[in-house]
Amino acid sequence: TLSSSASTDDFLHCLSASIPSNLVFTQSSPSFTSVLVSYVRNPRFIAPGTHRPLVIVTPTNASHVHATVLCGRRHGVRVRVRSGGHDYEGLSYRSLNHESFAVVDLSNLRSVRVNAAKATAWVDSGATIGELYYAAAKASGDRLAFPAGLCPTIGVGGHFSGGGFGVLQRKYGLAADHVLDTVLVDAEGRILDKKAMGREVFWAIRGGGGESFGIVLSWKVRLVPVPPKVTAFIVPVTVADGAVDVLTKWQQIGPALPEDLFVRVMAITDTAIFQSVYLGTCDALLPVMSSRFPELGMNRTHCREMTWVESVLYVYVGSGNPIPATDMLNRTYPMDGFYKATSDYVRDDQPIPRDVWAEIFGWLAKPNPGLMIMDPYGGRIGTVPESATPYPHRGGVLYNIQYMNFWGAGDDGEPHVRWIRDLYAFMAPHVSKDPREAYFNYRDLDLGRNIVVGNVSSYKAGKVWGEKYFKGNYKRLALAKGRIDPDDYFRNEQSIPPLVPRK
Ligand code: FDA
């Protein structure tokens with residue numbers, strides 16, 4: 001499947017017929033590297049030896065995307081699409097299979113058009129979620145928001161494709177749950193809306209993961225109401241002060257609190273940091289906390305009233321200082337660490353016992369430790385049926401765990417990656433099983449990779465990772481892929497393989 005240099009030249013020639021040359025960067029262009037790294041959020045994947053794209057195309061309108069796909073098909077060059085570049089394995093801009101590929105970088109396509117009266121917005125994939133939040137707040141006097149992730153620089157394209165959750169998940173569910181329409185460029189270069197792509201493909205692109213079904217250019221979303229002032233709080237509890245007990249309690253309280261209240265936990269070194277956003281005032285919050293979760297010792301001094309947009313940054317940065325809402329517009333918010341991450345889900349039939357939490361704090365005290373982030377479920381995210389969208393981790397989930405470990409440029413990261421893998425093995429008896437569920441947007445290639453057989457990713461091999469991310473929805477995703485891209489043109493190491501029923 002590697003294209004020859006002749007076909008590469010033909011590909012570039014084909015692009016030049018439809019796309020202005022200042023939007024096309026080949027490896028010999030002086031700015032190739034700066035364009036490549038501009039949206040790389042994990043510098044692990046730009047190290048020497050990484051298989052890079054032949055060319056990066058930075059479209060400014062849909063016809064450029066259409067032309068790139070047609071040229072790629074004609075000349076045997078695959079396309080990987082990049083929106084915000086936050087992929088945990090860098091699959092939007094590197095290939096482990098050493099396939100020759102072009103990157104379609106959507107960062108120029110980032111308009112956000114809010115209709116405050118109808119509480120909807122059209123947002124392009126290259127926008128960040130921070131830009132969407134900011135625009136929704138501005139157009140509505142801080143009364144409209146959107147239920148998606150915390151980190152403001154995340155790209156809409158990858159994030160919505162894989163689900164997308166954050167501080168509003170208990171009240172409103174996932175980003176993907178609020179998508180009303182999309183514009184998709186498929187493997188034939190066709191530009192399709194919801195109706196034209198058909199029910200199954202429209203189902204698949206709202207949670208079935210990026211890259212597999214084509215290039216989503218823009219999304220029509222339903223915005224959600226929030227009060228103009230919300231209350232955020234951050235309460236750290238050390239092990240010496242009883243973190244093990246409080247965390248053990250939180251597992252059942254966090255998912256059962258009123259939907260307006262989101263209390264997540266970051267466990268790092270010897271501390272459990274409770275980070276929260278409440279859709280109401282401090283006065284209304286205090287009685288809820290003292291009756292439902294007195295163990296936390298939260299009181300009036302912890303309350304910080306602010307707009308919803310400010311609360312997202314307050315929790316994300318976690319420094320305790322208020323952060324101006326305009327920081328949401330910073331597309332290059334600092335995030336320079338090298339990292340490895342993976343995920344688990346804990347279900348209500350098996351909360352983690354107290355003595356195991358004590359052992360987990362032992363892991364967090366080892367050399368080169370990482371951290372764990374626990375996001376509470378329950379509420380709206382849990383009421384949507386498992387097959388209503390591709391994202392299946394719904395009813396019965398207490399919380400999601402994300403494990404992360406960071407290191408700096410001088411380190412090779414080996415002990416940090418090993419820490420994650422060893423802790424993941426230790427956690428196996430205490431988390432969801434058969435399958436051990438994982439979140440697609442916290443992509444981890446340790447869970448499995450595609451095997452290409454006869455130039456098509458194997459459905460059977462993909463089950464290994466696919467059922468962890470999608471449970472029983474994996475097969476339906478593969479059938480949707482079989483409809484829209486039976487030749488498997490859009491693919492990566494963890495894209496949905498096509499399943500085409502025998503006639
Ligand atoms: P990127 O551009 O790398 O794309 C990710 C994948 O989607 C790639 O396979 C890519 O090819 C594909 N893709 C991208 N654009 C596409 C498009 N327009 N059409 C089709 N496919 C496309 N998640 C979460 O749910 N809640 C959270 O709070 C956070 N927080 C968080 C913090 C930080 C610091 C990071 C790095 C990541 C998160 N995430 C997260 C995970 C995040 O949701 C996930 O990495 C998204 O896939 C990122 O989308 P990007 O567009 O930025 O990535």
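**Entry 1: the cores**

Which residues touch the most other members in the largest nonpolar core? I looked this up before anything else. The model I am reading is a predicted one. Its largest nonpolar core holds 112 residues, and Phe160 and Trp308 touch the most other members. I also found a second, separate core of 21 residues. Among its members are Phe165, Ile373, Ile381 and Tyr442.

Then I picked one pair. Strand 2 (residues 55-57) pairs with strand 4 (residues 101-105) in the parallel sense, over three bridges. Which residue of strand 4 is the bridge partner of valine 55? I found alanine 102.

I noted the order as 15-12-14-13-17-18-16, with antiparallel pairing. Which strands stand at the edges? They are strand 15 (304-306) and strand 16 (338-347). Each has a single partner strand, so one side of each is left without a neighbour in the sheet. Neighbouring strands of this sheet are turned by 20 degrees against each other on average, direction ignored.

Strand 12 (residues 230-238) and strand 15 run antiparallel and are joined by three bridges. Alanine 232 stands opposite arginine 304 in strand 15.

**Entry 2: helices on that sheet**

How many of the 11 residues of helix 9 are buried? I got eight, so helix 9 is largely enclosed by the rest of the structure. The buried ones include Val244, Leu247, Trp250 and Ile253. Thr248 and Gln251 are buried as well.

I looked at helix 11 (residues 308-317) too. Helix 11 lies across strand 12, strand 13, strand 14 and strand 15. It runs at about 15 degrees to strand 12.

**Entry 3: two helix pairs**

Two packed helices are described by the angle between their axes and the distance between the axes. I looked up both values for two pairs.

The axes of helix 12 (residues 354-364) and helix 14 (residues 414-427) come within 11 Å and cross at roughly 170 degrees. An angle over 145 degrees counts as roughly antiparallel, so helix 12 is roughly antiparallel to helix 14. From helix 12, the contact is made by Val356, Glu359, Ile360, Trp363 and Leu364. From helix 14, I noted Trp419, Asp422, Leu423, Phe426 and Met427. By class, this contact has eight nonpolar, no polar and two charged residues.

Helix 15 (residues 459-470) and helix 16 (residues 474-484) pack at an angle of about 125 degrees, with axes 9 Å apart. That makes helix 15 oblique to helix 16. In helix 15, Tyr459, Gly462, Lys463, Gly466, Glu467 and Phe470 take part. They meet Tyr474, Lys475, Leu477 and Ala478 in helix 16. By class, I noted five nonpolar, two polar and three charged residues.

**Entry 4: glycine 189**

Glycine 189 sits in the loop between strand 8 (179-185) and strand 9 (191-192). Is glycine 189 buried or exposed? Its relative accessible area is 2%. Buried means under 20%, so glycine 189 is buried. Leaving aside neighbours within four places in sequence, glycine 189 is in contact with His66, Val69 and Leu70. Glycine 189 and arginine 73 are 116 residues apart in sequence, but 9.1 Å apart in space, C-alpha to C-alpha.

Most residues other than glycine have a negative phi, and most peptide bonds are trans. I searched for exceptions.

Aspartate 142 has a positive phi of about 65 degrees. Aspartate 142 is in the loop between helix 4 (129-140) and strand 7 (144-145). It is partly exposed, with a relative accessible area of 27%.

Asparagine 368 also has a positive phi, near 50 degrees. Its loop runs between helix 12 and strand 17. Asparagine 368 is partly exposed, at 34% relative accessible area.

Where is a cis peptide bond? I found one joining aspartate 434 and proline 435, with omega about 0 degrees. Proline 435 lies in the loop between helix 14 and strand 19 (452-453).

Conventions: Residues numbered from 1 in each chain as written. Predicted model: local features only at pLDDT ≥ 70, side-chain atom pairs only at ≥ 80, totals over all residues. Heavy atoms only, no water. Core = buried A, V, L, I, M, F, W, Y, C linked by side-chain atoms within 4.5 Å. Buried < 20%, exposed > 50% of the residue type's maximum accessible area, 1.4 Å probe, protein only. Pairing = 2+ DSSP bridges. Helix = DSSP H or I, 4+ residues; strand = E, 2+ residues; numbered from the N terminus. Axes fitted to C-alpha atoms, helices over the stretch in contact; angles between N-to-C directions. Parallel < 35°, antiparallel > 145°, perpendicular 65-115°, else oblique. Contact = heavy atoms within 4.5 Å. Nonpolar A, V, L, I, M, F, W, Y, C, P; charged D, E, K, R; others polar.
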